[in-house]
Amino acid sequence: MNNSKMNLFIPIEIKHREFLSKLLLSSFAIKFGFRVYVGSKISIYRLLKKKSKKGGIFFYKAGLKLDPLIELKKKCDHFVILDQEMGTVKKEYAEVARSRIEPGTEKYIDKYYVIGKYGYEVSCKIFPEMKNSIRCTGWPRVDLWRKENDYLFKEKTDSILRKHGKFMLFSSDFGYNSQKIINERLDVIKNFYWKSKRDKLTAETDRSVKTFREFNYFKELLKNYDKMDNCPLIIIRPHPQEDMDAWFDFSKELKNIKVIYEGEITPWINASSGVIHRGCTSAIQAHMRGLPAGYFVTENAKVHETPYNISQHLFTLDQLIQFCKTSINNEDPKLIKYHDEFKEMIYVEKDKLASRLIAEDLAKLKTSKELSYQANYKDKARDVLIDIKSSAKKFINFFYKFEKKIGIAPPSQKMPGGITQKETVDFFKRLSNNDNFIVNKVFKDCVMIESKE
């Protein structure tokens, strides 16, 4: 089977955050006649280089510099964006959104999908050239948080509960949680290819100092929590961009606090009795489930933003202990009623997922049909060489203990296990409960998905 179809190319940067939501989007896209390629950024660009004709849609998370974007448009009919870094932070929304699209590239962006009403209104103001291309659809990632999709994570959720029992989840997003990561990440900013990014070095340096101070303060608070009797277990989930070693080393000192970075966060939230956070989207996810969300408020808190407004505010150790104990003992599921702030920031259509809205909109674009890519012996030989180099690097690092660069999270942290055919098939089987799909491995960290019809 190798008939012509519209191609949709979806690169993944952080697997735990992006992979399953992009598979959900793909499940709708193939119903609208697309063939979807999902893979790491390296593998998707590798695939695009092999294209001899222009066609397809490139679905990305941010803007590109002008020259690479012009080159990309020679390979693809359309360049569309759904920026997963643009969440619910009002104060900096316009500034951050503007910084992620290089001026002069707006005319090359064919669609720009945003999470909610507020993001739509701000985006229309700061990107007037793109006004006709901006769509308020919500996010496929948010689709996974909806109650009707709990079944997708039930097996993993039940496994977590059997292993850990009742627990509270702390979703970390300090980012700057070691001096090493501060030094290396600031060095990345200092040498970044966008001047607008380099200009933020002073402000980012100041933020790193404040955030690291907050991290150390929170560690001391957790140490004191751990000394108390009869306090619920807290599982800390590090952010994929943090220094994992800083968290794991810290947890060695504690008996009732664990650090676990494993799989997608959704089943961990589903299994928890409540979520502690410092202003991240985990609060949104907990709110959608009717779970208690506690914002531990410090000097660097994002006060009056959506996660703050929908959460209980915790200022002291006693308040943290009480929040955890009350949440653990709360057996009554809440009637889910979205906060007004939530409804302004996140678009959720009652009877239609964001994934479907986006797939429908993409199908309206005039997109050339192409044959599927057929891997050849050179592709297979290259995959073997990549595996050999990867194994050699792990061997050398193990025996010589080279320091890893963590200014930008390493591939093992951002793409654990890679993109595989098995994981993709397993998710589609849970999702559709039928066999009306095909998943083939193209080459390393790249799969092709299409409908049998």
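User: In what sense do strand 7 and strand 8 pair, and over how many bridges?

Analyst: Keep in mind that this is a predicted model. The general idea is that strands of a sheet pair through backbone hydrogen bonds, either parallel or antiparallel. Here strand 7 (residues 168-171) and strand 8 (residues 234-237) pair in the parallel sense, over four bridges. Met-168 has Ile-234 of strand 8 as its bridge partner. Ser-171 stands opposite Arg-237 in strand 8.

User: What joins strand 8 to strand 9?

Analyst: Three bridges do, and these two strands run parallel. Ile-234 has Ile-257 in strand 9 as its bridge partner. Ile-234 also partners Met-168.

User: Which residues of strand 8 are buried on one side and on the other?

Analyst: Ile-234 and Ile-236 are buried on one side. Ile-235 and Arg-237 are buried on the other.

User: What is the strand order of the open sheet?

Analyst: The order is 9-8-7-10-11-12, six strands with parallel pairing. Strand 9 (257-259) and strand 12 (312-314) stand at the edges. Each has a single partner strand, so one side of each is left without a neighbour in the sheet. Neighbouring strands are turned by 25° against each other on average, direction ignored.

User: Now helix pairs. At what angle do helix 8 and helix 10 cross?

Analyst: Two packed helices are described by the angle between their axes and the distance between the axes. The axes of helix 8 (residues 179-190) and helix 10 (residues 201-227) cross at roughly 165° and come within 10 Å. Angles over 145 degrees count as roughly antiparallel, so helix 8 and helix 10 are roughly antiparallel to each other. Their crossing is right-handed.

User: Which residues make that contact between helix 8 and helix 10?

Analyst: Helix 8 brings Gln-179, Ile-182, Leu-186, Ile-189 and Lys-190. Helix 10 brings Leu-201, Glu-204, Thr-205, Ser-208 and Phe-212. By class, the contact has five nonpolar, three polar and two charged residues. As for spacing, an α-helix has 3.6 residues a turn, so residues three or four places apart point the same way.

User: How do helix 10 and helix 15 pack?

Analyst: They pack at an angle of about 60°, with their axes 10 Å apart. Helix 10 and helix 15 are therefore oblique to each other. This crossing is right-handed. Leu-221, Asn-224 and Tyr-225 in helix 10 meet Leu-317, Leu-320, Ile-321 and Cys-324 in helix 15. By class, that contact has six nonpolar, one polar and no charged residues.

User: Which residues of helix 5 are buried, and what covers them?

Analyst: Tyr-118, Gly-119, Val-122, Ser-123 and Cys-124 are the buried residues of helix 5 (residues 117-126). Their cover includes helix 4 (93-99), strand 5 (111-114), strand 6 (134-136) and helix 16 (340-345).

User: Is Lys-53 buried or exposed?

Analyst: Exposed means over 50% relative accessible area. Lys-53 has 64%, so it is exposed. Lys-53 lies in the loop between helix 2 (41-49) and strand 3 (57-60). Beyond its neighbours within four places in sequence, Lys-53 is in contact with Lys-75 and Glu-370.

User: How do strand 14 and strand 15 run?

Analyst: They run antiparallel, and six bridges join strand 14 to strand 15 (residues 446-451). Asn-440 stands opposite Met-448 in strand 15. The hairpin has two residues between the strands, and Asp-445 takes a positive phi near 60° in it. Strand 14 (residues 437-443) is mostly covered, with five of its seven residues buried.

How values were computed. Residues numbered from 1 in each chain as written. Predicted model: local features only at pLDDT ≥ 70, side-chain atom pairs only at ≥ 80, totals over all residues. Heavy atoms only, no water. Buried < 20%, exposed > 50% of the residue type's maximum accessible area, 1.4 Å probe, protein only. Pairing = 2+ DSSP bridges. Contact = heavy atoms within 4.5 Å. Axes fitted to C-alpha atoms, helices over the stretch in contact; angles between N-to-C directions. Parallel < 35°, antiparallel > 145°, perpendicular 65-115°, else oblique. Left-handed = near helix turned anticlockwise from the far one by under 90°. Nonpolar A, V, L, I, M, F, W, Y, C, P; charged D, E, K, R; others polar.
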